[in-house]
Amino acid sequence: MAYHTLRQEYMQMPPVTRAYTTACVLTTLAVQLDVVSPFQLYFNPLLILKQFQIWRLITTFLFFGNIGFNFLFNMIFTYRYCRMLEEGSFRSRTADFVMMFLFGATLMIVWAFFINLLFLGQALTIMLVYIWSRRNPYVRMNFFGVLNFQAPYLPWVLLGFSILLGNTPWVDLMGIAVGHCYYYLEDVLPQHRANVKVIKTPQFLKHLLDPAPEEDHVPPPEFRPGGFNWGNGAEVPPEGHQNN
């Protein structure tokens, strides 16, 4: 019964979230079981360019370290905010969601050529958190039952928490910077310059990934409260928009 419930819950995950989190877990298990070594996975520009070890462009986003608190913490946030984005503002727009991943990963890889960073999965997680937080600015957050704040501060709270755990701040700062680039190009710039679309999803991706349009479909609210009191919250309407 437990296996059936777990399998049902797994299959109900949206496709991109399911594929990415599964790849992260399987990669970590492969390292834990000594099937592969982290030295075969990390981002190394020389090995990529001179020995054509192209897989490192992908595996650098899949390994979050050995199984432990840091791994579980990152995977929970990756799953949670990836799923809320995919089921929220990217609902029925799987191709655009994949394009967001490709845009973020490409920008991070370009910057990683100039910054000595080995694994970029945590930066990708922070990017997802940043984009979600800017699209849900009035959601109230509670972090470990101690801090209360609005969603746009969440990436910075996670940055501070990461520093407290002894991690380098550059990975999180890269995720915040890339997330802001995407948010600005996709959400802010079109408001100031009509019909300006910098990030364009190729038509073949749309034909391949997007479902047929549904008539009279109203997407659900992007925020769905979960069970983690380090990142859950409740939406608070902007001032002047409260129900009377």
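Here is a short chat about a predicted model, its cavity, its pocket and a few of its residues.

Student: Hi! Before we start, is this structure predicted or experimental?

Tutor: Hello! The model is predicted, so keep that in mind as we go.

Student: Fine. How many cavities of 30 Å³ or more does a search of the whole structure find?

Tutor: The search finds one. About 100 Å³ of space lies in this largest cavity.

Student: Which residues lie nearest its centre?

Tutor: Phe73, Asn74, Gln122, Leu158 and Asp172 do, out of 13 residues that line the largest cavity.

Student: And which helices supply at least two residues of that lining?

Tutor: Those are α5 (69–87), α7 (121–135) and α8 (154–164). Helix α5 gives the largest share, with four residues.

Student: Let's stay with Asp172. Where is it found?

Tutor: Asp172 is in helix α9, which covers residues 169–192.

Student: Is Asp172 buried or exposed?

Tutor: Asp172 is buried, and it has no salt bridge. The nearest side chain of opposite charge belongs to Arg80, 16 Å away.

Student: Then what does the Asp172 side chain make a polar contact with?

Tutor: With the side chain of Gln122, at 2.6 Å. Both Asp172 and Gln122 are among the residues nearest the centre of the largest cavity.

Student: What else is Asp172 in contact with?

Tutor: If we leave aside neighbours within four places in sequence, the contacts of Asp172 are Gln122, Ile126, Leu158, Leu159 and Ser162.

Student: Good. Now the largest pocket: what volume does it have?

Tutor: Its volume is about 460 Å³. The elements giving two or more residues to the lining of the largest pocket are α2 (15–32), α4 (56–59) and α6.

Student: Which of the elements gives the largest share?

Tutor: Helix α6 does, with seven residues. In total, 16 residues line the largest pocket, and Tyr20, Val98, Phe101, Leu102 and Ala105 lie nearest its centre.

Student: How many residues apart along the chain are Leu107 and Cys181?

Tutor: They are 74 residues apart along the chain, while their C-alpha atoms are separated by 9.4 Å.

Student: Switching to Ser133, where is that one found?

Tutor: Ser133 is in helix α7. Leaving aside neighbours within four places in sequence, Ser133 is in contact with Ala151, Pro152 and Pro155.

Student: Why does Ser133 count as buried?

Tutor: Because its relative accessible area is 0%, and buried means under 20%.

Student: Last topic, backbone angles. What is phi of Phe52 near?

Tutor: Phi of Phe52 is near 55°, a positive value in a residue other than glycine. Most residues other than glycine have a negative phi.

Student: Where is Phe52 found, then?

Tutor: In the loop between α3 (45–50) and α4. Phe52 is exposed, with a relative accessible area of 62%.

Student: And what about phi of Ser92?

Tutor: Ser92 has a positive phi of about 65°, although it is not a glycine. Ser92 is found in the loop between α5 and α6.

Student: Why is Ser92 called partly exposed?

Tutor: Because Ser92 has 36% relative accessibility, and partly exposed covers values between the 20% limit for buried and the 50% limit for exposed.

Conventions: Residues are numbered from 1 along each chain as its sequence is written. This is a predicted model: local features need pLDDT of at least 70, side-chain atom pairs count only at pLDDT 80 or more; totals for chains, interfaces and linings use all residues. Side-chain values use heavy atoms; hydrogens and water are left out. Buried means under 20% relative accessible area, exposed over 50%, partly exposed in between (1.4 Å probe, protein chains only). Lys and Arg count as positive and Asp and Glu as negative; His and the chain ends are not counted. A salt bridge is a side-chain nitrogen of Lys or Arg within 4 Å of a carboxyl oxygen of Asp or Glu. A polar contact is a pair of N or O atoms within 3.5 Å; within protein, one must be able to donate a hydrogen and the other to accept it, and residues adjacent in sequence count only if both atoms are side-chain atoms. Contact means heavy atoms within 4.5 Å. On a 1 Å grid over the protein atoms alone, a cavity is a set of points where a 1.4 Å probe fits but cannot get out, and a pocket is an open set with protein on both sides within 12 Å along at least five of seven lines; lining residues have an atom within 4 Å of a point. Grid points are joined across faces, edges and corners, and a volume is the space filled by probe spheres set on the points.
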